[in-house]
Amino acid sequence: MIPVILSGGSGTRLWPLSRSHYPKQFLPLVSAHTLVQETLLRLDGLSGLQAPIAVCNEDHRFMLAEQLWEIGKKPSAIILEPMGKNTAPAVAMAALSAASEDDVLLILPADHVVADRAAFHVAVDQARRLAEQDWLVTFGIVATAPETGYGYIKAGSQSLGNGFDVAAFVEKPDLAKAQNYIESGDYFWNSGMFAFKAGVFLRELAAFNPTMLQICKQALAAAKVDVDFVRLDKTIFSTCPADSIDYAVMEKTSKAAIIPLAAGWNDVGSWSALWDVTGKDDSGNALKGDVLTVDTRNSYIHASSKLVAVIGVQDLVVVETDDAVMVASKDKVQDVKLIVDRLKAAKRDEAQAHRKVYRPWGHYDLVDCGDRHHTKRIVVKPGAKLSVQKHHHRSEHWVVVKGTAMVTKDGDSILVTENESVYIPVGAIHSLKNPGVIPLEMVEVQSGSYLGEDDIVRFEDQYGRV
């Protein structure tokens, strides 16, 4: 069985912690591990697992690769989508990449929480047995409340061991319908997790959406392989229809089966959902970071960089990051996306990225900015190198705080050590490398008429960036 990790989401409903350049699957929201790490770690103990296949947005490739490396999980491939096309094309790419059509794929979104690992393992083994009999298996979450934010699956009358055939997939209902679904006992929440043979899925996709399958085959055949990354052809993939597994295959096939799953599942789709799965104090508060509360109940409070003090409130969500503070009533957290939409309309950076921005070579933190100057803290990983580049509108002054920098400027290389500095004038072709074994820490002061990150002309880059 091959785990397939789908990591294409942007996670805007957990803004300001989750942003499109650093979405929720890469955040440690419920444990010391990130959600994508937890997705793979919860598989430990299952027998017969092959190396995973991951599918992610091209912009997130280095974050995903590094986080998998941190937990000792080496994927057989990381397939890079140049743009999001929903889950059906992503799964098709994974199925086409499997060594055999008889390989069972275990499709797992990268941003879910499963509290009961043992129960999850039992359900996976049950799903694997049905998948080996050519069923397309979905995991139906045993509903605990009449949720209107989930789609539902109705179980059919045909018993399949511990599962059933699928009678119908149902869109998100209103409250009255959701209550009826719960009372009937025939309906389950749609988890978005699946198990099926690669060949069976591809044959069903060929029957119901042959155009999608043909374009996926062409984009994969024209892909460029860069170490562990499989870069799909952008021109071809852009013509692919966008559709979910449910719409493209599962709602149309006669081979759909469901395995009930009661394992403390949560898709962490909102701040209130995160409050549900987080440990709480005696007053029902879920607290993260440096937080002080007085007369506060049933609230979620997250402090990233500052002391947050909350007094005399209840049922609130308060989230602080180094560049934004969000306060919402717990029953209004679905409207966070409206704030994100307004930020995007105003073209504000807070919709996309944090003040700390991660790059394949390390990260930088924009600590101060004015009309004609920016100040950054820069950390470069051992052995990492920034691209060979120049700027048309800004000069840069680098001060090494810790470690050693190898700086190349207009063809000349110099070694810059702690408490030393170097000046990069406008138009100079330059690069920076950490030749040491400890992280390189620097302060960069930029000055000039334009300081945007798009004022970079790259001549050479070991990470394949344009």
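Student: Which residues in H7 are buried?
Tutor: Met-212, Leu-213, Ile-215, Cys-216 and Ala-219 are buried in H7. Buried means under 20% relative accessible area, exposed over 50%, and partly exposed in between, with a 1.4 Å probe and protein chains only. This is a predicted model, where local features need pLDDT of at least 70, side-chain atom pairs count only at pLDDT 80 or more, and totals for chains, interfaces and linings use all residues. Residues are numbered from 1 along each chain as its sequence is written, and side-chain values use heavy atoms, with hydrogens and water left out.

Student: What do the buried residues of H7 pack against?
Tutor: Helix H3 (87-97), H6, helix H8 (234-237) and helix H9 (245-250). Contact means heavy atoms within 4.5 Å. Helices (H or I, at least four residues) and strands (E, at least two) are DSSP runs, numbered from the N terminus.

Student: At what angle do H6 and H7 pack?
Tutor: Helix H6 (residues 198-208) and helix H7 (residues 210-221) pack at about 125°, and their axes are 5 Å apart. Axes are lines fitted to C-alpha atoms, for helices over the stretch in contact, and angles run from 0 to 180 degrees between N-to-C directions. H6 and H7 are therefore oblique to each other. Under 35 degrees counts as roughly parallel, over 145 as roughly antiparallel, 65 to 115 as roughly perpendicular, and the rest as oblique.

Student: Which residues meet there?
Tutor: From H6, Leu-202, Leu-205, Ala-206, Ala-207 and Phe-208. From H7, Pro-210, Met-212 and Leu-213.

Student: New topic. Which residues of H11 are buried?
Tutor: In helix H11 (residues 336-345), Val-336, Val-340 and Leu-343 are buried. They cover an arc of only 60° around the axis, which puts them on the same side of H11.

Student: What covers them?
Tutor: The cover includes helix H10 (271-277) and strand S19 (325-329). The face turned away from the buried side of H11 carries the exposed residues Arg-342 and Ala-345.

Student: What comes just after H11?
Tutor: Lys-347, with a positive phi of about 55°.

Student: And Gln-446, buried or exposed?
Tutor: Gln-446 is buried, with a relative accessible area of 0%. Gln-446 sits in strand S29 (residues 440-448).

Student: What is Gln-446 in contact with?
Tutor: Leaving aside neighbours within four places in sequence, the contacts of Gln-446 include Arg-372, His-374, Glu-396 and Leu-451.

Note on methods
Arc of directions from axis to C-beta.
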